[in-house]
Amino acid sequence: MNLKLSSKAKTLEDLRGVIKSAEVLPLVRFKALEYKKEQESILNKIIDFFDTEVIVRSSSVCEDSSKTSNAGGFESCLNVALNRDDLHVAILHVIDSYGGSLSLEDEVFIQPMLKKVTLSGVVFTADLDTLAPYFIVNYDDSGSTCSVTNGKAEKLKTFIAIKSYKKIEDENLEKLFVTCRECEKIFGNHFLDIEFAFVEDKLYVLQVRQIVQTKKLDLSKLDLNSSLNNLHKKIKKLNTSHPKLLGKKSIYG
C-alpha cells in the first residue's frame, strides 16, 4: 500500500492505520481558520477525545513541501493541561506563529504528550547533501522529545550506517531502521526525514516528511560497499601497532 506524503498532520493520520513496526499517536486535527469560527466545538472534541496532557503541534502549509521542510519554523506547545483555557492559549500560540496571513490549508493538531521518553531524535534515510544511501541518526537520550529538532540538545549523538549493513548491535537503532524501511515502502520514497521517540523499547513515529532533493548531487544509485570495505581494511591496517612507534594504535590529527 502506497500513501502520499501530505501535511504533517494528515501524513501521521494516514500512517497511523498502516504502519506495523512502530506506533503513531492518535490525533485531532483542524484548520486554523476553522478554529476561529468553531472554537467551542473543537475544544469540546479535544477534551472528549483525550484523557491526559497533550501537545499542540503546528501543521502549516509552509512545512514539509518538496522544496523546503521549514523544520522548527513554527511553534509547538508541550505538556498542555486538558482544560479549555490552557488549550485555547496553546492553540492560539501555534496559530500566531504562522504569521498574519493564514492559508486555507494551515492546520493545528493535538496528540497525547509522551511521558518517560528514553531516546528521541531524527533519522534521515539518505545523506542530506548527496542523497547517498545511508541511515543518519541524530539523537538525544536526555528524555526530551524536541531537543534535536529545536537545536537545544546538549549532548547530541550521531550514528551513521550504510543502508546495506549486515548487523547493528544496538536494538533501538535496529528497530528504527526497520521502521525506516517500512516507511520507505509505504510512501514509495527513499528520501525521508523521520522524527521519532522511544519510551523504553517502544518506538513512536512523530513526523515523516521528504528530504528536499532540489539542487543536490544525486548519489543515491551509487554502490558504496566495495569502497567502504576497502576503506575499512586500510584504516584497520593503519591502526595496527608499528615496531618503531610507541603505543598500540595510530592517532590521527
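Trainee: How do the lining residues of the second largest pocket divide into nonpolar, polar and charged?
Mentor: In this predicted model, the lining has 8 nonpolar, 4 polar and 2 charged residues.

Trainee: Which of them lie nearest the centre of that pocket?
Mentor: Of the 14 lining residues, Ile162, Tyr165, Leu228, Asn229 and His232 lie nearest the centre.

Trainee: And which strand and helix each supply at least two residues of the lining?
Mentor: Strand E7, residues 157–162, and helix H6, residues 225–238. The largest share comes from H6, with 5 residues.

Trainee: How much space lies in the second largest pocket?
Mentor: About 310 Å³.

Trainee: Changing topic, helices H3 and H4. At what angle do they pack?
Mentor: H3, residues 39–49, and H4, residues 84–96, pack at about 115 degrees, and their axes are 11 Å apart. Angles of 65 to 115 degrees count as roughly perpendicular, so H3 is roughly perpendicular to H4.

Trainee: Is the crossing of H3 and H4 left-handed or right-handed?
Mentor: The crossing is right-handed.

Trainee: Which residues in H3 and H4 meet?
Mentor: From H3 there are Gln39, Glu40, Leu43, Asn44, Ile46 and Ile47. On the H4 side they meet Arg84, Leu87, His88 and Ile91.

Trainee: How many residues of each class has that contact of H3 with H4?
Mentor: There are 5 nonpolar, 3 polar and 2 charged residues in the contact.

Notes. Residues numbered from 1 in each chain as written. Predicted model: local features only at pLDDT ≥ 70, side-chain atom pairs only at ≥ 80, totals over all residues. Heavy atoms only, no water. 1 Å grid on protein atoms, 1.4 Å probe; cavity = no way out; pocket = protein on both sides within 12 Å on 5 of 7 lines; lining within 4 Å. Points joined across faces, edges and corners; volume = space filled by probe spheres on them. Helix = DSSP H or I, 4+ residues; strand = E, 2+ residues; numbered from the N terminus. Nonpolar A, V, L, I, M, F, W, Y, C, P; charged D, E, K, R; others polar. Axes fitted to C-alpha atoms, helices over the stretch in contact; angles between N-to-C directions. Parallel < 35°, antiparallel > 145°, perpendicular 65-115°, else oblique. Left-handed = near helix turned anticlockwise from the far one by under 90°. Contact = heavy atoms within 4.5 Å.
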